[in-house]
Amino acid sequence: MTEPTNTNDQSNETNVSQSSSIEVSDRTNSLVDQNMPNASDQVRQETKQLIEAITRKAQSETQKAGELVQENYLEAVRNIRTEIEKLNLDPERVEESIKLVQMDAEKNWESLVKEFEDFGNRLNEAAQAAWSILTASDDDSDSSSQSK
């Protein structure tokens with residue numbers, strides 16, 4: 001019966017060493033250390049790495065979405081330009097219109113990027129708030145048991 005326990009211990013150690021490659025930001029270190037002062041070092045480290053993994057995944061997904069939107073937008077602008085050129089309009093007016101569309105596109109793109117960044121920040125703050133709520137309930141139960 002001790003063999004499965006040893007195997008599980010080895011498996012757990014492997015999982016810890018595999019996940020320990022995640023670099024933890026100062027912000028996450030501070031958040032976890034403040035909210036989990038009585039937790040073991042291993043629990044705090046695993047929690048820090050979990051928060052970092054969630055944050056990085058959210059940032060990655062936000063970046064991918066932004067890149068996809070940009071690619072689709074640029075393709076649409078190219079298609080519109082091709083269609084306009086087929087209409088045999090005054091080239092100077094077409095060029096002027098395209099410049100205006102490009103200026104609007106850059107302005108809209110900057111706005112979209114800002115919205116994605118804000119979304120990523122809100123997602124990170126939501127994760128931190130959820131963590132604070134989870135750890136606050138542990139602190140509250142500790143406080144009430146100490147006062148009795």
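1. Arg56 and Glu52 form a salt bridge, with their closest N and O atoms 3.7 Å apart. (A salt bridge needs a side-chain nitrogen of Lys or Arg within 4 Å of a carboxyl oxygen of Asp or Glu.) The two residues sit four apart in helix α3, so about one helical turn separates Arg56 from Glu52. Is each partner buried or exposed? Glu52 is buried, at 6% relative accessibility. Arg56 is partly exposed, at 39%. (Buried means under 20% relative accessible area, exposed over 50%, and partly exposed in between, with a 1.4 Å probe and protein chains only.)

2. A word on the basis. This is a predicted model, in which local features need pLDDT of at least 70 and side-chain atom pairs count only at pLDDT 80 or more, while totals for chains, interfaces and linings use all residues. Numbering starts from 1 along each chain as its sequence is written, and side-chain values use heavy atoms, leaving out hydrogens and water.

3. The chain has four helices and zero strands. From the N terminus, the order is α-α-α-α. (Helices are DSSP runs of H or I with at least four residues, strands are runs of E with at least two, and numbering goes from the N terminus.) Helix α2 covers residues 26-35, helix α3 covers 41-86, and helix α4 covers 91-147.

4. How much of the chain is buried? Of its 148 residues, 17% are. The accessible surface is about 11500 Å², and carbon and sulfur atoms hold 52% of it. (Areas follow the Shrake-Rupley method with a 1.4 Å probe; for residues, only the protein chains shown count as cover.) Take the contacts in the chain between residues at least 6 apart in sequence: 71% of them join residues at least 24 apart. (A contact means heavy atoms within 4.5 Å.)

5. Back to charge. Side chains of opposite charge can pair when their charged atoms come close. The salt-bridge count comes to nine. One of them joins the side chains of Lys48 and Asp33, at 3.1 Å from N to O. This pair links distant parts of the chain: Lys48 belongs to helix α3 and Asp33 to helix α2, 15 residues apart. Lys48 is buried, with a relative accessible area of 8%. Asp33 is partly exposed, at 34%. Both residues also belong to a network of salt bridges that links Asp33, Asp41, Arg44 and Lys48.

6. Which residue pairs with Arg81? Glu95 does, with the closest N and O atoms 3.4 Å apart. Here too, distant parts of the chain are linked: Arg81 is in helix α3 and Glu95 in helix α4, 14 residues apart. Arg81 is partly exposed, at 30% relative accessibility. Glu95 is partly exposed as well, at 33%.

7. Now the surface. Tyr73, Leu74 and Val101 make up a nonpolar patch there, with about 240 Å² of accessible area together. (Patch residues have over 30% relative accessible area and no salt bridge; like charges are joined within 9 Å, and nonpolar side chains, meaning Val, Leu, Ile, Met, Phe, Trp and Tyr, within 5 Å.) Tyr73 lies in helix α3. Tyr73 is partly exposed, with a relative accessible area of 34%.
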